[in-house]
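Dear colleague,

I am passing on the structure we spoke of, with some notes on what turned up in it. Please have it open beside you as you read.

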Amino acid sequence: MVAFEQTNIDMSIWTLFSQSSATIFLDGFSATSHLTLLLVLSMFWAYKRHTMPTFENPKPVLKNTYFLHYWLVFISCLGLAFYHLFLWLLIYFSGYRHGWPNLNVVAQLDFTFRTLSWFVISAYLHFQFSHSREHMFPILLRIWWAFYFLLSSIYLGTHFSLHWKNRYLPSLLWVSDAISIIAGLFLCYVGLFGKEQEDEDFHLLEPLLKNSFNPSNGDNIKESNYVGEGVTPYANASVLSIFTFTWMDPLLALGCKKTLNLEDVPQLANCDSAKVVFAHFRNKLESDGNDRGSVGQINTIKLVKALILSAWKEILWTTLFSIIHTLASYIGPCLIKAFIQYLNSPHQLKYKGYMLVFVFFLSKLITSLSERHLFFQLRKMGNKVRAALLATIYKKVLRLSSQSKWDHNSGENINLISVDAERIGFFSWYLHNIWRVPLQIVLALLILYESLRLASLVAFVATMILMLANIPLGKLQKRFQEKLMDSKDRRMKVTSEALKNMRILKLHAWEMKFLTKIIKLRNLETKWLKKLLYSSALIGSIYMSAPMFVSIVTFGFCVLMEIPLESWKILSALATFNILRGPIYNLPDTISMIVQTKVSLDRVISFLCLNDLHPNIVHTLPKDYIEIAVEIVNGNFSWDLQSPNLTLKDLNFRVYHGMRVAICGSIGSGKSSLISCILGEVPKVSGSIKLNGTKAYVPQSPWIQSGKIVDNILFGKEMDKDKYEIILEACSLKKDIELLAFGDQTIIGDKGVNLSGGQKQRIQIARALYHDADIYLLDDPFSAVDAHTGTHLFKECLLGILGSKTVIYITHQIEFLSFADLILVMRDGKITQAGKYEEILSSGTDFMDLVSPHKKALAELNSIKCGTTLDYLVNDEKDDDSMLYSEKSIQDDKERESKNHKTEDLVRPKEQLVQEEKRENGGVSFAFYWKYVTTTYKGAFVPFILLAEILSQLLRIISSYWMVLATPVSEEMKPHFKGSTIIFVYVALTLGSSLFELIRTMLTVTTGYKTATQLFNKMHLCIYRAPMSFFDSTPSGRILNRASIDQSAVDTSIPRSFEELLISIIGFLGSIAVMSQVSWQMLIVFIPMSLACIWYQH
């Protein structure tokens, strides 16, 4: 205690904690934050102690990365606790000697709660590592560490501000800031970057063989974070590499040497893959529900909560970068006063000027880097959200009930995937504007208050008026957006149906009629598109001029209240208003995007709330129940539950393992509905269905996926060459594959257009056989093949490969019924007869009605054959010469056919029917852009758009020049003009700039939507006038993407992008012109830097 007897040390400590009244807010806020953490962490710890299960075996400990991180974190937290205890003792004894003012009391409370908080964190970490199986730092601590680093940065900035005002700050204060910054940065790194290494190391604790299949959800998702050679370098990048984006160098270097293909792009880390992202999102979405696997009770809050929890890490990072970017961007306006005072004072020290320049440079560097990382994390978050929604929508489509499919058309599904999911993912760019825009406005008003005092309140009122005006405008845009999406759904429905039936339209010459119908629907869509675009343009131009409106009101109030306007105040205010331009300009976009995202969320939610196939329609029997394969007891089913007429009624039958069951009956008797009933697709009215084993289904209409033949057969299974060859032989596919130019690697066109009906049927039979199921459901599989091939398929497949399987097949071939162990005869949705062939042949009339016509036809065919044979025997001698001639003719035909076959082999095309979509290499040429901008009125609006933007920018620069030159440098100097004259000229220049800005926006919107309309009409005219070969070789999904997501981009995004490019270029050139006029020496640095940037981009 001897050190505290010295007066100079006491005064240093006193100065340390009583520098400025500005620190009382930070100390109070810090004390409150630490107290909140203390309470929350204590409750969380108590809850975990209460709910934590006890393990018989202690948790194994590895000398891995996490173990090292734990000890470093534990030592850091314990060191911070003792360090804050040391500071608490210093301030305690300092207050004891010099009294206890309010500021010192607040600082004492702050260090008290800091000390307690870090001791509790250290104890909690020790408890977690010693008694818990968890190997990740809790989310609560990771959030707190990021917050602590931000708080320490704010303290450092406040102390630097005090130092700049010539306040004395002892060395201990700078040491304290340095320790807090370093500790906070390390804790942030461990909490947020150390996760991948921790998971990788802890896989050593897992068994080598584990079951990755989760029967509760039916998805085979492996939660492995193994990083192989093909994984992106970002997964293992160091902090410096991530900070500077150097992990992208190998890919960029490869892109300079060659055109990048898909195989050149490395794979994502497992935690970022769509499979894992979807699994996490689904778990979050279903965690609140009572029935796992059902999302029928989903609402907006539940969906948004699941999206936030599935991308929480990116949200935290983007929040941190947004705060850093916002704070760094306001450093410039804060230092304008000091910079002008330094320039106008001849006796200032040079190091202060260098310090100001360095701070300006550092703030811009931090702003730029934080913005780049912010954009990267926003893109990452948007891709995660989009992947999760796409997978959820696709999985929902597979589970929809029949009634839901009738009520929900395919055009709506296309828009959900291509438009709504895309828009919700894109909302990540606007997510932080919700809180960042008010924060930027508050910071700007604080800076204005520092220079303009009472006038800043007027600026605040004007800003609030502009913000409140968004409420009615947002409602109007929401209405337009809903109408636009409804009209887009109707157009896409008709487009999808037309593409599906294009062959019929072409054969009947109806394509132009359908094109006229689509054009009419597009005109209705354009009506709402114009209203949306023009309203958005009007709102955008008003808010783009909002900073100028706020500056007019603020400067006018200053003149009215005789508040002196000096050059540094004008420059500071203009710089602040220029920064405000961003948030106020983004405000209508944010409101519009919130409205559009809300509409898309409602559409996705309404789709996810559609009824699914009831999971309890089919009751799955246990595996040890080896006798029964399929059983239906007292079954009554109907496709429409509201209809009094049942589709299937009074069904009672049982199928044992290994049986072959044939279903026959007249057309419309319910045979296919019975198969669908076993699959669980027909809503159940009463009764029960029991199923034992896996099932494979072969529909009556072949379903072929666009892709290779081998992929259609394997369908995700591993290749077993012997099994594959046996199945090809059994399905009579070998000869067909040999005739194809690329064999089984031949790509099948859209809907199997380059295959015959029989080939498509045999491929889907081969697919079912390859999957080796327990129960096979075949819906008239021999109807699309000839009699000889049908007999071969029945013998080799049903009697051969499937001889030991349970097979239920529908057939109209009477000759196949005798091989069945059980025949079900159906009529009007009922099973009228059941038994073996001989039993039902003699017991009922329904089966006789089916067999008798077949026997009669065979008898007539046999009589014709007998008559032909008799005539041949009678005329044998007479026709001997004719016989010889006929044999010679047949031989000639065979030789001709052989030659034709060889010729066909020579002229056979050596390329696939479906080609990969072409893409251009290199940069987009200027001619392409010029063709776009000159599509409407041959580009007549382009000069007027350029002129309007140039005049708007010029008037804006002149208005700023006028305010600076017309006001005095200091209060001692008299103004050059009257206050009313200054404001009048400024208002005139500002209103002129706003007017030209409105003209530019309206012309851009007009050009954009007219260009979009012309491109739409030309594209659809080319599509509908294309030959049928175009539709055979072009997948319909490729065309639908052009008509949906690409057309949506042409409607809204591309005109806006051109407008933003024009604003940026003209603004950039205006800034260069102003800076070069003030100081031409900056061109010496600017020109080489510009050339270096252009070279680096190429």
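The notes below take up the cysteines, a charged patch and a leucine in a loop.

Please keep in mind throughout that this is a predicted model. To begin with the cysteines, the count of disulfides comes to zero, a disulfide being a pair of cysteine sulfur atoms within 2.5 Å. Cys731 is a case in point, because the nearest cysteine sulfur, which belongs to Cys797, lies 4.1 Å away, and that is not within the 2.5 Å that a disulfide requires. Cys731 counts as buried, since its relative accessibility is 0% and the term covers residues under 20%. Cys664 is likewise buried, in its case with a relative accessible area of 3%.

On the surface there is a patch of positive charge, in which Arg479, Lys483, Arg490, Lys527 and Lys531 gather. Two helices, α19 (470–500) and α21 (511–544), each supply at least two residues of this patch, and α19 gives the most, with three residues. Lys527, one of the residues of the patch, is placed in helix α21 and is partly exposed, with a relative accessible area of 42%.

Lastly, Leu613 is found in the loop that runs between α23 (567–608) and β3 (618–620), where Leu613 counts as partly exposed at 26% relative accessibility. Although Leu613 and Leu398 are 215 residues apart in sequence, their C-alpha atoms are 9.3 Å apart in space.

With kind regards

Key:
Residues are numbered from 1 along each chain as its sequence is written. This is a predicted model: local features need pLDDT of at least 70, side-chain atom pairs count only at pLDDT 80 or more; totals for chains, interfaces and linings use all residues. Side-chain values use heavy atoms; hydrogens and water are left out. Buried means under 20% relative accessible area, exposed over 50%, partly exposed in between (1.4 Å probe, protein chains only). Patches are made of residues with over 30% relative accessible area and no salt bridge: like charges are joined within 9 Å, nonpolar side chains (Val, Leu, Ile, Met, Phe, Trp, Tyr) within 5 Å. Accessible areas come from the Shrake-Rupley method with a 1.4 Å probe; for residues, only the protein chains shown count as cover. A salt bridge is a side-chain nitrogen of Lys or Arg within 4 Å of a carboxyl oxygen of Asp or Glu. Lys and Arg count as positive and Asp and Glu as negative; His and the chain ends are not counted. The place of a charge is taken as NZ of Lys, CZ of Arg, CG of Asp or CD of Glu. Helices (H or I, at least four residues) and strands (E, at least two) are DSSP runs, numbered from the N terminus.
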